[in-house]
Amino acid sequence: MPDEKLRITINGKVVLCSRDETILDAAKKAEVRIPTLCYDERLEPYGGCRLCIVEIKDFPKPVPACTTRVKDKMVISTETDEVRRMRKNILALLLSNHPNDCMRCEATGNCALQTLSYEYEVDGTRFAGETWNLPIRNDNPFITYDPNKCILCGRCVRICNDVVMAGTIELTGRGFDSRPDTSFGRPRSLDNCEFCGQCVSTCPTGALIDRKAVGRGRAYEMTKVKTTCPYCGTGCNFYLNVKDGEVVKVTSDFEAPVNHGNLCIKGRYGYDFIHSQERITSPIIKKGGQYVESTWDEALDLVAQRLGEILQEYGPSSVGAFSSARCTNEENFLLSKLVRTVFKSNNVDCCARV
Amino acid sequence: MPDIDTLFLFGSNPTEAHPIVSFYLKKALRRGARLVVGDPRQTWMARRADVWLNLRPGTNIALINGIIHVILKKGWENKEFIKKRTEGIDELKEKVKEYDPKTVEKITGVSKDKIIEAARLYSRAEKAMIVYGLGVTEHRTGTENSMALANLALVCGHIGRPSTGIMALRGQNNVQGSSDLGPLPATLPGYQSVTDPKIRAKFEKAWGVSLSPKVGLKSVEMLDEAIKKRFKGLFILGEDPAQTDPNSHEVREALKSLDFLVVQDIFLTETTKYADVILPGASFAEKDGTFTNGERRIQRVRKAIEPVAGRAEWQVICDLATRMGYSMHYEHPSEIMDEIAGLVPIYGGISYDRLENESLQWPCPTKDHPGTSTLYTDLFSRPGGLAKFIPLDHKGPGEKVDREYPFTLITGRIREHYNNGSMTRRVPEIMEVVPEELLEISPEDAKKLKVSDGDRVKVISRRGKVKVRAKVTERSQKGNVFLTFHFPKALSNFLTSHHRDPITGTPEYKACAVRIEK
């Protein structure tokens, strides 16, 4: 552990910090919220949006909290009239060419720009001017890109290149025409994209959207259930977003100890099997060569009876079970218990070896 | 993990099979860590490696022995660690003498310069970690392959400190937990031997019945016995051996031979075709429970929706046991975990209450134990606490290429799909981007066979035939081809061989001989 011996004061609260921490880290410790747009814990600090500017005593001008390291005895103020005025200006500039589209934007309720505009009482009228009017890109099944809503925070570009190292998108163009795009503006395909949706997970606005969940409900209508991914053995956590008894979306759990909000194509977009029409919905019994649906009672009675008969006739070594690395610990334990207590043998094995 | 300065990745393609683990490795690389990759395929990591050990499939032991040979010859070993914490170095020294770089080059196809450079990078590093995957274990010498890596780590003392050690990337979400909690023929839950009377007595007391002291049959043995008509009744929970086991024709024969087969799954699979009763399963979204990940971290699965068929597996198992005369009843899976905690010492401190606020890795023996993130910091789990070197011989794959079957088929996963594909093939968007199986073949081989990208080819082994489209790619080296096992219509496991690791029973998915016809 880094030794914490620097004494910092933030809005009158004293916190102890280590040398490699930033003002933003210190503020988190002091439970002081500093607004950010280009910051994501999964990324290196960037200092792009300037929203996290704070005043430091004896410093000539405000500095960004995310890229400034703490120094001993720093006295920091995060909510002075001056920094609030500057943040208002920044937001007003960001909104100056932002589509006035919150009412049907997928990000509504989950948009940092919207939240901050509300908080700082800013709208897009003050500097209203030229807008981009670019076509919305729906060129792949997973990710919809509306460049008009982009605020150029660079988070998507950084997560794609620094974390995933997929190199799908880069900031292209200069000045007013600058925006994230694929090389040569080509449609996203497996040739240039992993479809992990990491860019969507970090986008603070509605510029990058999970296409599969479009129109399926607002963020505030979702019941979010924290769970563990059913695919590989890494053990990523995420939230199942449930609306009206249906899983409509997966969102990142940024507190997850293993994956910190990161996910791959299967974790983020591989959930449709849950509500597949092909799910088996009732027990099925083979009768005279034909498979027919049955009730749980009929099916389980048959299983109990037939396995019982075999055990009776051929003994415990003639019956066994395969367990599943797909099922829960509790179920694996119970299946093992079933074989040992009821079948009276140790003929139970899991698929770990295959 | 980002603190490692040298990463030795062996038989693992984490950018495809474990994307999130690969982020940690990528972070280390971005911070300047050196990378050695042992893989017959030119994976994403192999392309970026300082040294790519492009070995022939199944020559792992020869390669590792060769690296150890170089380390010992140059005096790059960690003498203090060897002296204090290991035994058997002399036997190992004697054995690896036979594996000089020249000989190893001949066996593995890896140039001797690369072998020496890999030895230098790994042994000279301060904090080096070995990460391996199924390219190590899915060989008939799988156990020995992983022991060879252990020898290497021990020779250099890269174990038992943070950012060192050996990490095995496990394939399925709960493969760790399902091994931990008892569905194994030789051990009761928590790796406690069924032959130990004291252990049995503990479980007998808790469960109120007497338990068989006889080691049970492994899954492959159950199937073998079924063909011999000595094994009659089988309950398969959430598994699809007819697709995912090697040499599928024989597996299907075995399933057909059973008197009574029950399969519980969320979809109809190749295996359910042989079932007498099919029971609906509940997906991970439909039940409470826990999964244990590859780093032994026990994590909650939470019920988000009602089970599609009304019941989850744990309820069905209880019901069946009760109908068969053994009363089993739990109100909630948390009660099952409480029972586990009472019987399985490594899970002794686990409860759903704690998992709400804590992230715990076993061993976690008591309610106030914080869990364990690094193993073997002090002693190894052998009598005396010393690690033992095991001298190993190169054996090679069970089936070797010949004139009739000149290619080695490697099987594995791609990022977009998963195992038998029953889940990912039901995600329309994923099917849109990866609709079918593709045979990866090197440009040289494709040219020789006059195969172009997208051509239909037949892949034929001694056991079966599969028709697929070809994908010409430099990921495959000359002489090797690659298939996944995600698509039942072009199932590579009709081709894979019957060879298995004799200790674990793990099949040799990573090497069999095939030929390719247009």
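Mentor: Two strands count as paired if DSSP finds at least two bridges between them. Keep that in mind as we look at this model, which is predicted.

Trainee: Okay! Which residue stands opposite Val225(A)?

Mentor: Leu240(A), which belongs to β11(A), stands opposite Val225(A). The two strands there are β10 (residues 223-228) and β11 (residues 237-243) of chain A, and they pair in the antiparallel sense over 6 bridges.

Trainee: And what does β11(A) join through another 6 bridges?

Mentor: Those bridges take β11(A) to strand β12 (residues 246-252) of chain A, again running antiparallel. Along that pair, Val242(A) is opposite Val247(A) in β12(A), and Phe238(A) is opposite Ser252(A) in β12(A).

Trainee: How many residues sit between β11(A) and β12(A)?

Mentor: There are 2 residues between them, and the two strands form a hairpin. Have a look at Asp244(A) in the turn, which has a positive phi of about 50°.

Trainee: Nice. What order do the strands of this open sheet have?

Mentor: The order is β10-β11-β12 in chain A, an open sheet of 3 strands with antiparallel pairing. The edge strands, β10 and β12 of chain A, each pair on one side only. On average, neighbouring strands of this sheet are turned by 35° against each other, direction ignored.

Trainee: Let's switch to the dimension between chains. How many residues of chain A are in contact with chain B?

Mentor: On the chain A side there are 97 residues, in contact with 113 residues of chain B. Helix α8 (residues 329-343) of chain A gives the most to that side of chain A, with 13 residues. By type, the chain A side divides into 52 nonpolar, 26 polar and 19 charged residues.

Trainee: Which strands join across the two chains?

Mentor: Strand β13 (residues 284-287) of chain A is joined by 2 bridges to strand β11 (residues 277-280) of chain B, and the two run antiparallel. Within that pairing, Ile284(A) stands opposite Ile278(B) in β11(B).

Trainee: Now a helix. For α4 of chain A, how many of its 9 residues are buried?

Mentor: Helix α4 (residues 155-163) of chain A has 7 buried residues, which makes the helix mostly covered. They are Arg155(A), Cys156(A), Val157(A), Arg158(A), Ile159(A), Cys160(A) and Val163(A).

Trainee: And what covers the buried residues of α4(A)?

Mentor: The cover includes β7 (169-172), β8 (179-182), α5 (198-202) and β9 (208-210) of chain A, together with α2 (19-30) of chain B. After α4(A) comes Met165(A), with a positive phi near 55°.

Trainee: How many Å apart are Arg179(A) and Val15(A) in space?

Mentor: From C-alpha to C-alpha they are 39 Å apart, with 164 residues separating them in sequence.

Trainee: On to chain B. Why does its radius of gyration agree with a compact globule?

Mentor: A compact globule of 518 residues would have a radius of gyration near 24 Å, and chain B has 24 Å, so the two agree. Its C-alpha trace spans about 65 × 60 × 45 Å along the principal axes. Of the 518 residues of chain B, 58% count as buried. The secondary structure of this chain comes to 20 helices and 21 strands.

Trainee: What about contacts in chain B between residues at least 6 apart in sequence: what percentage join residues at least 24 apart?

Mentor: That share is 67%.

Trainee: Last topic: which domains does the assignment give for chain B?

Mentor: The assignment gives domain 1 (6-169), domain 2 (175-361) and domain 3 (407-517). The C-alpha centres of domain 1 and domain 3 of chain B lie 26 Å apart. In terms of contacts, 19 residues of domain 1 of chain B meet 23 residues of domain 3 of chain B. On the domain 1 side, α1 (14-17), α9 (134-137) and α10 (142-156) of chain B each supply at least two residues. That side divides into 4 nonpolar, 11 polar and 4 charged residues.

Methods:
Residues numbered from 1 in each chain as written. Chains lettered and ligands numbered in written order. Predicted model: local features only at pLDDT ≥ 70, side-chain atom pairs only at ≥ 80, totals over all residues. Contact = placed C-beta atoms within 7 Å. Helix = DSSP H or I, 4+ residues; strand = E, 2+ residues; numbered from the N terminus. Nonpolar A, V, L, I, M, F, W, Y, C, P; charged D, E, K, R; others polar. Rg over C-alpha atoms; globule rule 2.2 N^0.38 Å. Buried ≥ 20, exposed ≤ 12 C-beta atoms within 10 Å, placed from the backbone. Domains from an automatic or database assignment. Axes fitted to C-alpha atoms, helices over the stretch in contact; angles between N-to-C directions.
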